[in-house]
Amino acid sequence: MRLFFSVLLLLAPCALFAAPIAIEAPTREKPVDFEAEVLPILWANCIACHSERKKEAGLVLESPQQIAKGGESGPAVVAGMSGESLLLRVAAHQQETFMPPPDNQVGAKPLTPAQLGLIKLWIDQGAGGTVSASRSIRLRPLPQGHQPIFATAVTPDGQYAACSRGNQIDVYHVPSGKLSARLLDPPLPLGVGRGEGEAPSAPAKTLSLTLSQGERGQAHTDIIRSLAFDTKGELLASGGFREVKLWRRPRMSVKAQWPQDAPLTEIAVSADGLLVALGDESGKARIIEVATGSAKQTIAAHAAAVTGLTFSADNATVFSVSADKSLKAWNVASGAAVGSTVQTASPIHSLAGVKSGEWLVTGEDDGSMHVWETKAFREIASGTAVTALKEIKALGGAVTALVAMPGQPNDVFTAGKDGLIRRWEVVEGKQLKEWRHDAPVIALAISGDGKRFASAGENHIVRLWNMENGESVQVQGDPRLAEKVAQADAAVNFTKSALDHTRQDIKSYEGTERMVMVRAMDVKKADEEKVKAEKMLEEKKQALEKAKSEKKDAKAIEQAENAVVEAMTAVQVAQTVIDRAKVVSERAVQDFAAAQKLAADYEATLKLQEEAKKTAIEVAKTPRPVKSLAFSADNQKLLVGCEDGAICSYDAEKGLPLGVHTDHTASVRALVVPLTTHDSPLTLLSISSDKRAILWNAPSAWKLERTLGGIDHPELLADRVLALDFSPDGQLLATGGGIASRSAELKLWNVTSGQIVRSLPQAHEDTIFAVKFSPDGKHLATGSADRMVKVFSTTSGEPTKTFAGHTAHVLGVAWHSGGKLLVSCGTDRTLKLWDFDKGLPVRTMKGSTYQIGPYKGEVTSATFIGPSEQILACSGDGTVRLHRSSSENDILTYATGKQPPEGGTRSVSKVYHYSVAASPDGQVLAVGGSDGILRIWSGQNRDPKLILASSSSPPQSPPK
């Protein structure tokens with residue numbers, strides 16, 4: 001029988017003496033469907049090398065017609081004669097060379113007896129069938145508990161880490177370790193997705209999606225393969241099957257501003273959220289319509305600053321108190337006074353409504369509280385005295401804050417100059433509990449669920465209290481200052497790293513300088529040789545002229561001419577040696593001087609940066625004056641209004657900083673989070689001595705902002721999106737993917753419009769696994785299954801560099817922040833460092849170390865840590881390692897498995913790690929893998945800071 005050698009090379013050579021695989025005879029009457037039953041087997045094991053794109057040995061296995069046509073040596077099957085069909089014989093290891101080979105690098109496995117039996121039956125039935133241009137795919141639920149983390153991402157400020165789990169996305173607040181959000185796309189049924197074992201997406205075909213019924217609540221229909229935050233940490237991109245979704249991080253934003261005539265002091269919101277009452281230093285009170293921001297009433301209420309405001313339960317009356325010792329009531333519709341004015345013995349600092357609005361409580365400068373009945377103001381004629389229901393000797397100093405207890409209409413909290421916080425049952429006038437702030441308290445707030453409260457003192461300290469056990473934590477610093485400290489630290493680390501590199505350059509230049517001395521001798525010798533060569537050239541020219549004049553034979557003249565040419569060449573060589581030696585000498589001297597100057601500049605910069613860092617740390621330690629407090633509508637955040645106009649937000653459980661907003665320019669004197677407003681429950685009101693009230697949008701949930709592509713749009717995205725990256729300016733999003741063994745897909749999208757800016761269909765010969773913009777945004781680096789690392793111009797899309805050296809799939813690529821170095825990693829179990837400017841390899845890192853030895857699995861992901869020379873990498877062998885760009889060996893292996901016994905060797909986990917991400921300052925290093933656990937380390941601490949397993953309950957409602 002003829003040996004079809006070209007066809008036998010279906011994938012690669014196999015072992016010569018492997019045992020044949022049994023062929024299982026299927027028991028069935030129904031004809032074999034090629035597209036539904038045979039094609040998936042070929043896609044998984046054969047088409048990696050025998051596709052329309054690759055056509056190894058001219059053989060394509062994508063349709064019955066192409067299989068019948070065969071390759072360079074003829075057909076791969078003989079219809080009706082499976083025993084004579086080479087495809088079956090090599091697949092069953094009955095004939096050399098076997099397929100797929102055991103050492104293949106595409107994950108192909110030997111066919112099972114059942115699969116071979118199916119192919120045999122299909123051939124015997126005539127090897128017919130078609131591959132339709134379109135087909136319907138029914139997405140099935142992912143397997144129960146199938147939640148591998150294929151992708152991780154960290155915000156640049158290190159506050160949040162995101163990971164994919166199956167087709168879900170979890171976002172964690174890193175400082176607290178809390179699950180902050182589970183991102184949901186409401187239209188998607190729960191658990192729907194294409195499983196790993198389903199029929200692969202056929203190229204160039206239209207797939208119509210049919211969703212099975214079920215509960216709602218996943219991020220994508222398919223497993224999520226890629227995640228990326230933009231450089232501001234505001235947008236998160238997630239990539240699934242044929243689609244990318246952009247999720248907007250919840251951030252406060254100004255909705256409306258209401259300028260006033262005087263610095264504002266107090267604020268109140270009506271129960272229906274339609275009206276706001278504002279009080280100012282001049283004693284005026286204004287009723288504002290929330291919808292328009294216009295003043296409905298302006299009331300000259302008091303002779304001194306307004307210190308408290310509250311609406312009646314029916315929103316018809318607003319009550320005001322002042323430092324002028326008065327309590328008054330006003331008709332909201334007309335602005336007219338209601339009933340009589342109440343005069344107290346001392347200035348009033350605070351006001352609260354209790355008993356569902358039936359009573360008012362005033363807190364006064366002499367430490368007493370008075371309780372008033374609201375209906376008395378309506379029933380008693382003007383000029384008739386209103387008598388307090390009761391008086392409570394509350395505090396040892398002025399009552400500076402009064403807050404009604406949510407869900408407990410008879411309870412009120414007080415705080416004051418004596419530094420104590422007390423809870424009272426007002427009907428009985430009885431104190432229930434007491435807490436000590438250790439400084440006069442100027443602001444107080446209670447969470448909507450009544451589980452926590454917060455106090456701010458004149459010592460500039462804000463404390464968060466647990467209502468049940470009375471324990472407290474101090475909020476930890478100004479978020480702006482914490483970020484400045486991190487930036488200062490990162491700047492110092494960058495300069496140190498740059499200085500180290502420059503010093504290494506100086507050493508190399510010193511070697512070059514010594515070489516220049518040798519080259520100077522070479523120049524001298526070359527000059528001597530040149531003189532000799534020129535003399536010889538002159539002699540040869542004279543000899544040639546003599547030969548011609550004497551009319552010697554042609555051979556003698558030719559020899560003389562050749563001698564002249566050789567002499568001229570000798571002169572040119574000597575001159576070239578001289579020129580090159582001079583260039584090297586001059587360049588070495590220049591580079592050496594430049595490196596010395598650069599090192600001196602770095603040393604001076606480092607000194608300044610270290611001083612700046614020290615100053616930033618000292619400033620961050622200094623407490624800042626606080627004027628107001630409020631909890632967010634979801635009770636997850638504490639909002640703090642500061643003397644300098646900033647509104648800072650903190651985690652409401654641990655007091656860790658979240659963010660800051662600086663739209664006010666002076667002291668934020670009051671914050672109110674309405675339970676409802678006229679159009680949204682997610683609003684915040686703030687007033688300031690800058691004479692403005694600001695209405696904020698204060699969303700608590702991430703929002704699905706845009707979807708790029710779609711499952712029914714293969715013309716936009718052909719298959720799974722395996723790589724994502726935002727440009728440094730946030731304007732572009734790069735997506736990488738393609739159809740395995742068939743095509744590469746690289747596209748640039750406009751983030752704002754969602755339109756494709758540029759498509760590079762011929763970027764690689766196979767699937768793209770990694771994309772990364774350069775720090776300046778001018779270039780885009782990619783890594784592919786074709787074993788290449790390439791760099792493209794972002795502007796033109798033209799390739800600028802190609803780096804060849806990997807022997808298998810390139811799975812990851814990253815830039816150093818300086819833009820001069822690239823690192824790549826892949827299934828060849830190595831990391832490779834590249835010099836971008838020179839287009840040359842620098843070194844190969846295999847993980848050789850005394851700790852656990854070289855990588856024993858694919859290096860799946862790698863990233864530089866900020867401006868440092870440190871490289872974080874993870875592998876399928878269960879290790880997470882730290883490398884330096886200046887060394888071939890890894891310098892640290894992070895603990896992921898069980899701790900070793902005393903004196904033992906650290907164990908390595910069985911987890912297959914897929915993805916790493918790091919904050920620029922190196923304080924948040926996140927890794928995810930096959931066990932669905934997100935592990936987070938900090939700096940070079942070997943043991944994890946956080947081990948975060950999946951939670952079945954999402955902490956938020958689906959975004960609208």
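**Close-up views of a predicted protein chain**

**View 1. The loop that holds Arg829.** Arg829 is found in the loop between strand S50 (821-826) and strand S51 (831-835); helices (H or I, at least four residues) and strands (E, at least two) are DSSP runs numbered from the N terminus. The model is predicted, so local features need pLDDT of at least 70 and side-chain atom pairs count only at pLDDT 80 or more, while totals for chains, interfaces and linings use all residues. Residues are numbered from 1 along each chain as its sequence is written, and side-chain values use heavy atoms, with hydrogens and water left out. Arg829 counts as partly exposed because its relative accessibility is 41%; buried means under 20% relative accessible area, exposed over 50%, and partly exposed in between (1.4 Å probe, protein chains only). Leaving aside neighbours within four places in sequence, Arg829 is in contact with Lys846, Tyr855, Lys856, Gly857, Glu858 and Val859, where contact means heavy atoms within 4.5 Å. A polar atom of the Arg829 side chain lies 3.5 Å from the backbone oxygen of Lys856. Thr860 is 31 residues from Arg829 along the chain, and the C-alpha atoms of the two are separated by 8.6 Å.

**View 2. The chain as a whole.** The protein chain has eight helices and 60 strands. Of its 960 residues, 53% count as buried. Among contacts between residues at least 6 apart in sequence, 55% join residues at least 24 apart.

**View 3. The packing of helices H2 and H5.** Two packed helices are described by the angle between their axes and the distance between the axes. Helix H2 (residues 34-45) packs against helix H5 (residues 113-124) at an angle of about 130°, and their axes are 10 Å apart. Axes are lines fitted to C-alpha atoms, for helices over the stretch in contact, and angles run from 0 to 180 degrees between N-to-C directions. H2 and H5 are therefore oblique to each other; angles under 35 degrees count as roughly parallel, over 145 as roughly antiparallel, 65 to 115 as roughly perpendicular and the rest as oblique. H2 contributes Phe34, Glu37, Val38 and Ile41 to the contact, and H5 contributes Gln115, Leu118, Ile119 and Trp122. By class, the contact has six nonpolar, one polar and one charged residues (Ala, Val, Leu, Ile, Met, Phe, Trp, Tyr, Cys and Pro count as nonpolar, Asp, Glu, Lys and Arg as charged, and the others, Gly among them, as polar).

**View 4. Lys627 in strand S33.** Lys627 is placed in strand S33 (residues 626-631). With a relative accessibility of 35%, Lys627 counts as partly exposed. Not counting residues up to four places away in sequence, Lys627 touches Ile442, Ala443, Gly641, Glu643, Ser667, Val668 and Arg669. Lys627 and Glu458 are 169 residues apart in sequence, yet 9.1 Å apart in space, C-alpha to C-alpha.

**View 5. His809 between two strands.** His809 has its place in the loop between strand S48 (799-804) and strand S49 (810-815). His809 counts as buried, at 16% relative accessibility. A polar atom of the His809 side chain lies 3.3 Å from the backbone oxygen of Ala785.

View 6. Lys325 has a positive phi of about 70° although it is not a glycine. Lys325 is placed in the loop between strand S18 (317-322) and strand S19 (326-331), and is partly exposed, with a relative accessible area of 33%. Phi of Lys355, also a residue other than glycine, is positive and near 50°. Lys355 lies in the loop between strand S21 (348-354) and strand S22 (359-364), and is partly exposed at a relative accessible area of 24%.

Conventions: Polar contact = N/O pair within 3.5 Å; in protein donor to acceptor, adjacent residues only side chain to side chain.
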